[in-house]
Amino acid sequence: MFLGILGVGHLATTIVSGLLRSGFDAKNIILSPRGKVKELSDLYGIRIATDNASLVDMADVVLLAVRPMDAAKSTKGLPWRKEQIVISACAGVAIENIPVVPARVVRAMPLTAAAINASPTACFPPIPDAVAILKHLGPVIALASEADFEVATVNAAVYGWVQDLIRQTTEWCTEKGLSEPTARQLIANTFIAAGRLIDEKPDPVSQLLSELVTPGGITELGLNILSDGGQPAIWRDASEAVLSKLTEKPE
C-alpha cells in the first residue's frame, strides 16, 4: 500500500517519523513537493512526487495535512479514484467540503505524539485501510458520526493546554529549587500516570477523583482554590470556543 502525503508541515513530519519508527517502509511513502520534503527525503530516502497530481496517481491512501483553509483548493481537480482513501487531518473541514469524489474521506486528528507512536487518534468513519495506517501512530478511537468527531477534535487543543500545564508546573518547581530535568520528568510522568489510571480502570472518573481527594488534604485545597479562581468554568469556556470554531460554516 502506497501512502501519499499532501502537505508536508510539522504535523506530517511527526507522522512520518512515527510511521517509520513503527516499521512502515519508507519506500511506500510519497511526499508532495512542498514544505519540509527535502529534509525528510534526505533523512529517510522518501520519494518526492513531481506535483500533487502525480502523488494522487501513485498513492492508494493520501494523507491530507494542509492548512484547513487550503484543503479544498489543494484537492480539487486531482485524479482521484474510487478505490482511494483520503485521510484528512484538516481540523474543522467537513467531509463534504473536501472535493475528492469518487475517493472516500476519513477524518482523523493525530497529535504530534505520533512521532513516538503515542497519539490517541480520533477518526471517522473507521475505514479499515485508514485505521491500519493510523494504528502505527498510537491507539485509534473510532467515532460514530462526524458531529462526534468535531467534539473529539477539541482534544487536539486540550493536548496543547496540558503541555502548558506541565510547563507551568515545571517552571514553578524549578523556581522553588528543584532541578529542571527532575521537575520535567516528575511532572510529565505525573500526567501520564493520571491518564493511564483513568484509561485502564473502568470506574467513573468522578469516583476515582473522590477516592483521591481526602477531606482537608492538599488535593482538596488546590481544587478549591482552582474552583474559586474560575476553573472548571474557564476550561469549559475554552472548550466551547474551540468547538464553535471547528463547526462554523465556511463563508
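In which helix is the place of Leu 223? Leu 223 has its place in helix H9, and helices (DSSP runs of H or I, at least four residues) and strands (E, at least two) are numbered from the N terminus.

The structure is a predicted model, in which local features need pLDDT of at least 70 and side-chain atom pairs count only at pLDDT 80 or more, while totals for chains, interfaces and linings use all residues. Residues are numbered from 1 along each chain as its sequence is written, and side-chain values use heavy atoms, with hydrogens and water left out.

**View 1. The nonpolar patch on the surface.** Leu 209, Leu 212, Leu 223 and Leu 226 form this patch and together have about 360 Å² of accessible area. Helix H8 (205-212) and helix H9 (218-228) each supply at least two of its residues. Leu 223 is partly exposed, because its relative accessible area is 36% (buried means under 20%, exposed over 50%, and partly exposed in between, with a 1.4 Å probe and protein chains only). Patches are made of residues with over 30% relative accessible area and no salt bridge, like charges being joined within 9 Å and nonpolar side chains (Val, Leu, Ile, Met, Phe, Trp, Tyr) within 5 Å. Accessible areas come from the Shrake-Rupley method with a 1.4 Å probe, and for residues only the protein chains shown count as cover.

**View 2. The largest cavity.** The count comes to 1 cavity of 30 Å³ or more, and about 40 Å³ of space lies in the largest cavity. Its lining consists of Leu 3, Ile 15, Leu 19, Leu 63, Ile 87, Pro 110, Ile 133, Leu 134 and Leu 137. Helix H1 (10-21) and helix H5 (128-134) are the elements that give two or more residues to this lining. By class, the lining has 9 nonpolar, no polar and no charged residues (Ala, Val, Leu, Ile, Met, Phe, Trp, Tyr, Cys and Pro count as nonpolar, Asp, Glu, Lys and Arg as charged, and the others, Gly among them, as polar). On a 1 Å grid over the protein atoms alone, a cavity is a set of points where a 1.4 Å probe fits but cannot get out, whereas a pocket is an open set with protein on both sides within 12 Å along at least five of seven lines; lining residues have an atom within 4 Å of a point. Grid points are joined across faces, edges and corners, and a volume is the space filled by probe spheres set on the points.

**View 3. The second largest pocket.** This pocket has a volume of about 670 Å³. Of the 21 residues that line it, Ala 91, Gly 92, Val 93, Leu 246 and Glu 248 are the closest to its centre. Helix H4 (71-75), helix H6 (146-175) and helix H10 (233-247) each supply at least two lining residues, and the largest share, 4 residues, comes from H10. The lining has 10 nonpolar, 3 polar and 8 charged residues.

**View 4. Salt bridges at Arg 107.** A salt bridge is a side-chain nitrogen of Lys or Arg within 4 Å of a carboxyl oxygen of Asp or Glu; the count comes to 9 salt bridges. The side chains of Glu 150 and Arg 107 meet in one of them (2.7 Å, N to O). Because Glu 150 lies in helix H6 and Arg 107 in strand E6, this pair ties together parts that are 43 residues apart in sequence. Both Glu 150 and Arg 107 are buried.
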